[in-house]
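Dear colleague,

Please find below the structure that I am handing over to you. My notes on it follow directly after.

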Amino acid sequence: MTDIGAPSVAAAAATAELHEAALRPALKAGRRFWALFIGLGLVAIVGAVAYGIQLAAGGLSVTGYNDQVFWASYEATLVAFIGFSYGGALVSAVLRLTNASWRGPITRIAEVSALATLLVGALFPIIHLGHPERIWLLFARPNFQSPIFWDMVAILTYMLATLILLVLPLIPDSAMLRDQPGLGRLRRRLYAVLSLGWAGTQSQRRALERAMTVVAILIVPMAVIVHTVLSYTFSLTSRPGWHSTIFGPYFVIGAVYSGVAVVILAALAYRRAYALQRWIDDRTIRNLGYVMVVLGFAYGYATFSEITTEGFVGKQAEVELLYGLMLERYAPLFWAFIGLGLLAPVALIAFRRTRTPAGIGLAAGLVIAAMYLKRLLIVVPPLSRPVIAGDAGSYTPSVVEIAIVSGAAAGVVLIMLFLFRFVPVLAVDEMEQIERVHADSRMAAGPRPTKAAVALGDVADV
Amino acid sequence: MAGPGGEKPAARTDASDEQPAAVDRHELSRRAFVKAAALIGTGGFLAAGGLVGVSSLARVSAAADLDAATATDLAKRQWAFVIDLRRCDGCGDCTTGCQRMHHLPPDQQWIKVYTIQGAGGQESFLPVLCQMCEKAPCVQVCPVVATYHEPDGVVAMDQELCIGCRMCMAACPYGVRVFNWQPSPPLPAGVESSTSPLFTAPQRQGTVGKCDSCAHRLRDGDFPACVTSCNMEAIYVGDLVADLATNGHDTVVLSEFLRANDAFRLKEELGTQPRVYYIAGHAQDLD
Amino acid sequence: MWLMSRGSGWRRAVALAGASLLASLLLPANVGATHRGDVVDEVTMQISYQSSSLPGAPGQLVARLQVDDGSPIAGLIVEFWREVEFLGPRRIVLSRSTTGTDGTARLQIIPSESAMRVGASFAGTADYLAAEQSTDVGASVIPVPASPAAVADAGASLAVVSTAMPLLLAFAAFVIWLLLIGVVVTTVLAIRRGRAPATATRKVRS
């Protein structure tokens, strides 16, 4: 078999432990799991009921929307959740293309979290419609110039790619784990089907590698396109505060930033719950943290650029918006975003004292909350400014909106919990491949690194 | 060591890692079928995509689904409005007249009268209705072509097609579009329900509404509601082709009237080419 | 009774005078009255169009206001208008001028390539009743070019960007779908082709 290097008892034991660990969430479902599942399930059901209420009342009459602020929580949630799915693209695709060997233990978690957030996020273009039953018209009589049409195409295409990115590596994993002890008949059957007769032969391996590389290469421009197109819903209008050339890159950077945070949280949660520290080790979490910090800087730079450009020239409309955002009406929310979403995460990860998994997890949680808030700040303030004259608009989310968005958040976690009952949480085959390549290159490189190098510990192995 | 499936024959196939020499006939035909299906599928997809892509150019410029003869006939008139701000006193009769004619919900305004502070400290009133832009941003962004150009220049709104995404409201720089959040009050007795984009009553919940330039009235040779409701005779309706405009009382040569009185348009810099002209003023012509 | 008796002639005369005085006060003031003072005069307007001998050159529209006996009235404001059809019959005011000592007001009219109906109106004053007349001005022999219709041309210009962008995105989307589906299909086929025989698998598992 073309798997791990020279067979040895220790290696075999390690492999066996890896296989067992990968299936822990699938096999173990203790009280805590069910408590969480049921609790989240209730929140999701409340959200679904709330949507039913919205449909029954018709026309979004139960929301806090009005003729001035006609886009708010649903649209912000749409952008935020689809942004959260970018962690999958980053970890699974970009890190694969750059040959980052530390990605192995977290690729599966990244891919599943990407799919979960994407599936739920893709519901919101439907939820925010006044006539959702007419959505088939987007296929029957589309306007190819419309950003909304391109939103749909982009999201559907991206969903396909994310699904493929998840399913392809499941083929060898299913083959490997099909005979694990403890698997029930259903899961064994599922793995048998998914494995597609995988035998690890060279031609199969080549075909799979080629496919993964192609999809990984494809998903990078697609990720850029999807969120750029989402930003076009705002920037292809003449509204001050929206009509900005930076929106495309801004949205993409924000998406990857928040996406990495989601992967960090998911990885930490599963690591803690199923004792996966041996594989999802501190170094992996730290590396993810570093990636998040770099993206945070990029997002901060983009925000700074926006504000400076608008503020310096000082056009009436932009100045009003900036005042509202930074000094007046929305100032508490804006500065909360800057503090909790940019400064705090960077600080937590910059200082060694707080660069622990707990600290990084806290940073990730802050980023997720703050980035959702930022999406609201992008959508609502430019709308509350009147286009011709008159009073500023205002917006308060209604109970129905809060219920639906909370239900959606719960739904994301539910989908993850559900999927990991069937899908191995560790990408076993990929990890073994990485290990093999690593071992090969280490043997070729010569003697082991010095003690000093090892003691540094923080050196990311990219 | 573990291998996929764990069965020994797998280890042996490692040596000859290509498919076995003898290929099952069923496998052959199955493979051929799958290949053919994939080819046909992608080919069909491409063809459909090509067709759809080509038709997209036609779609974007499509007006109402009219036959060529009707469209040409309608295009003989190109409606425009002129609002003389020297006469507007901000009374809001145009707003209420429009609401009455279209049986609008009481808080819905299709022509809004703003109070504007000028650079010289003067206060003027600015009625803003659908600007009937020649390059309407709302038409550009509607995903299902529910809002479109009629051949006579009216930007029409089909509430039977509108999915309620409100993208047009985001794109409109004049804020003339409103959304029917609530169900509309029922029509008065004797008034028939209508879904024609030229006159929709009652307003359909969950769709966008806006001034329809009283296209239904203009086509019948009658005046828009705001024109007849204005006691100051400040609103004119005109035809760019015939080069005439009238407020029901005075009739003028449109181009002369605009040139002589220094007409302007709102947000000219946005390039929307609106067909509503304004004559600058601050109600100074009121008797 | 007392009007009819002998010796009531003086009473009859007084009654007649009183009645006619009363009548002249009470009856409508302008019924058949011609004397000036507290009664409004009727005026008649005559309108004529004198075209120029040169084709295409302006002709003259002459409106004359006169009273019953034909004497002209000066100093009255006459409004010249042209009739158009726009949401019903409408009038476009061409100019306003005052009648001269000969009672006429004049206006130069440039004939257009189609016949038009022009007229003059006198709105009436405290002394004179309103009057108006209209006449046809024939089409000019040599057509005068009409002023271009102010229909702005929605030119292509930058519209090409907003049509090119969707096409580019459409192309990108097609290519990506093609690649994704192709990759999945070929990979699945390749893996199936290299798989272990199905019978061996089942035997080992049981």
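In chain C, strand β1 and strand β2 (residues 59-67) run antiparallel and pair over 8 bridges; two strands count as paired if DSSP finds at least two bridges between them. Across this pairing, C:Gln46 has C:Arg64 of β2(C) as its bridge partner. Strands (E, at least two residues) and helices (H or I, at least four) are DSSP runs, numbered from the N terminus.

The model is predicted: local features need pLDDT of at least 70 and side-chain atom pairs count only at pLDDT 80 or more, whereas totals for chains, interfaces and linings use all residues. Residues are numbered from 1 along each chain as its sequence is written, with chains lettered from A and ligands numbered from 1 in the order in which they are written.

The pair belongs to an open sheet of 3 strands in chain C, ordered β1-β2-β5 with antiparallel pairing. Because β1 (43-50) and β5 (104-109) of chain C each have a single partner strand, they stand at the edges, and one side of each has no neighbour in the sheet.

Turning to the interfaces, chain C gives 20 residues and chain A gives 25 residues to their contact, where contact requires C-beta atoms, placed from the backbone, within 7 Å. On the chain C side, 15 residues are nonpolar, 3 polar and 2 charged. Here Ala, Val, Leu, Ile, Met, Phe, Trp, Tyr, Cys and Pro are nonpolar, Asp, Glu, Lys and Arg charged, and the others, Gly among them, polar.

The contact between chains B and A takes 48 residues from chain B and 48 residues from chain A. The largest share of the chain B side, 4 residues, comes from α6(B).

Yours sincerely

Notes. Two residues are in contact if their C-beta atoms, placed from the backbone, lie within 7 Å.
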